[in-house]
Amino acid sequence: MSNGWRLGVLALALATGSVQAQVYKCVRANGVTEYAQTPCGDDAREVEVRAAPTTSADDGGDRNRQAIAQSTALSSAGISERNCVRRAEADILGPANRRAAAYQQQISALNAQLAGAANDLAGATSQSGIRTQIAGVQQAMATDRSGADAQVVVARQDCATARRAREDEIRREAPNASSL
């Protein structure tokens, strides 16, 4: 008999709660402990197998189901928060990213004008004006991104507040919430 099979017999005896099953414990010469239904060696000794206590619906099953339901609801509140944040980020950052792309196009067009400006006094004045325009577009882009980031922070706080309110509601609705 293999050790795996013998351990399976022991597990089956424990799982079924059968105290009539005879189980023997042996320690082999190499130190390995073995369990079997029949004496497995000269040093075999019978061990008592006790059934695990059962839980009735009255003494714990209901509480377990309530705890699982509450845990599931709390997890759902966390998932809702993540979805709220993702939606807010998409609603805020999507348009901000499109505006940033438009700003980049403006900067590219201005850089092309800068490259084509004449290399004389009039050109130098023109180049200075174009550089000023580029700096203005870059500043507008930075301000727009900063505003979008601030909106995302507020949206995340709002989503977290909604999650906490839902968690509080779930805990208030749970019977005997303090015992869970």
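In what order do the elements of the protein run from the N terminus on? They follow the pattern α-β-β-β-α-α, a total of three helices and three strands; helices (H or I, at least four residues) and strands (E, at least two) are DSSP runs numbered from the N terminus. The model is predicted, so local features need pLDDT of at least 70 and side-chain atom pairs count only at pLDDT 80 or more, while totals for chains, interfaces and linings use all residues. Residues are numbered from 1 along each chain as its sequence is written, and side-chain values use heavy atoms, with hydrogens and water left out.

Of the 180 residues, 26% are buried, where buried means under 20% relative accessible area, exposed over 50%, and partly exposed in between (1.4 Å probe, protein chains only).

The structure contains seven salt bridges, each defined as a side-chain nitrogen of Lys or Arg within 4 Å of a carboxyl oxygen of Asp or Glu. In one of them, the closest N and O atoms of Glu81 and Arg163 are 2.4 Å apart. Because Glu81 lies in helix α2 (residues 57–116) and Arg163 in helix α3, this pair ties together parts 82 residues apart in sequence. Arg163 also forms a salt bridge with Glu167, at 3.1 Å between the closest N and O atoms; these two residues both lie in helix α3, four residues apart, about one turn of the helix.

Arg99 is partly exposed at 35% relative accessibility, whereas Asp144 is buried at 18%.
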